[in-house]
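Biologist: I would like a close look at one part of this model, namely its charged side-chain pairs. Please take them one at a time.

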Amino acid sequence: MKKATYKMGKLGKYNFMRKYSNIKTLLPDTQAATISNIYKMIMKYDSLYLKPDEGTGGHGIYKITKTNNGFVLRSGTTSRKYHTFDALCSSLGKFLYKKKYVVQKGIHLLKHDGRSFDIRVMVQKNRKGQLETTGIIGRLAKPGKIVTNFHSGGTPLPIDTLLQSHLSRSARANFIKKMEALGRDASLVLRESYRRKKAFGVDIAIDSNWKPWILEINTGPDKSIFNTIKDKSMYRKILRYSKF
């Protein structure tokens with residue numbers, strides 16, 4: 001398979017990774033955020049996320065939700081209602097043409113205490129140059145917010161804590177192992193394009209049917225999120241591996 005040799009944004013990574021059958025079905029539908037694509041996707045799905053093609057930290061993200069009498073556009077903690085798609089489009093046009101955006105199928109995330117959460121898996125090269133999962137953490141959205149990112153007000157928590165109301169202890173342990181393995185598998189795929197990268201941060205969403213979705217893979221993941229929880233063992237391991 002031909003390997004990409006350039007820096008890719010979210011859409012480029014999605015198109016590259018969907019060529020691999022082992023993770024293709026775990027990638028939520030992602031397209032360039034043209035008005036035509038947004039219309040086709042909002043007719044197909046209940047909700048969509050608009051994300052800058054390049055950028056991190058949860059900044060500049062919007063959520064479109066289809067309702068019985070129109071659409072709702074949310075950003076941060078604010079929301080606006082539109083009765084027609086044309087009215088929604090006039091609002092979208094204010095930012096869509098200033099920066100390259102992608103539109104992604106919305107996932108109904110699992111919740112903890114009524115707040116959505118997702119998972120960040122840290123994968124790093126070990127001494128032998130092989131990819132290894134070195135950390136996994138949950139990110140709980142701030143009340144009323146549409147993103148879980150730490151730098152946008154999300155709360156990092158041990159993933160075991162977030163799963164306690166959903167699964168037994170043994171089931172939680174098995175599920176966490178599966179997510180760690182999925183993070184590594186996804187990183188192995190993207191490494192075909194990013195050979196020189198030493199670390200990958202894999203963002204995984206879990207829907208109400210317990211299906212995992214690979215939302216995004218960061219090629220310059222933030223280590224500091226792992227320093228926010230009481231148990232520092234993962235953070236120490238990540239720092240140790242970052243020197244290899």
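How many salt bridges does the structure hold, and which residues are linked in a network of salt bridges?

Modeller: This is a predicted model, in which local features need pLDDT of at least 70 and side-chain atom pairs count only at pLDDT 80 or more, while totals for chains, interfaces and linings use all residues. Residues are numbered from 1 along each chain as its sequence is written, and side-chain values use heavy atoms, with hydrogens and water left out.

The structure holds eight salt bridges, each being a side-chain nitrogen of Lys or Arg within 4 Å of a carboxyl oxygen of Asp or Glu. The network consists of Asp-118, Arg-120, Arg-139 and Asp-203. Arg-139 is in strand β9 and Asp-203 in strand β11 (residues 199-206), 64 residues apart; helices (H or I, at least four residues) and strands (E, at least two) are DSSP runs, numbered from the N terminus. Arg-139 is buried at 6% relative accessible area, and Asp-203 is buried at 4%. Here buried means under 20% relative accessible area, exposed over 50%, and partly exposed in between (1.4 Å probe, protein chains only).

Another salt bridge joins Glu-132 and Lys-237 at 3.6 Å, N to O. Glu-132 lies in strand β9 (residues 131-140) and Lys-237 in helix α7 (residues 233-241), so this pair ties together parts 105 residues apart in sequence. Glu-132 is partly exposed at 23%, as is Lys-237 at 25%.

Arg-195 pairs with Glu-192, their closest N and O atoms lying 3.1 Å apart. Arg-195 is partly exposed, with 44% relative accessible area.
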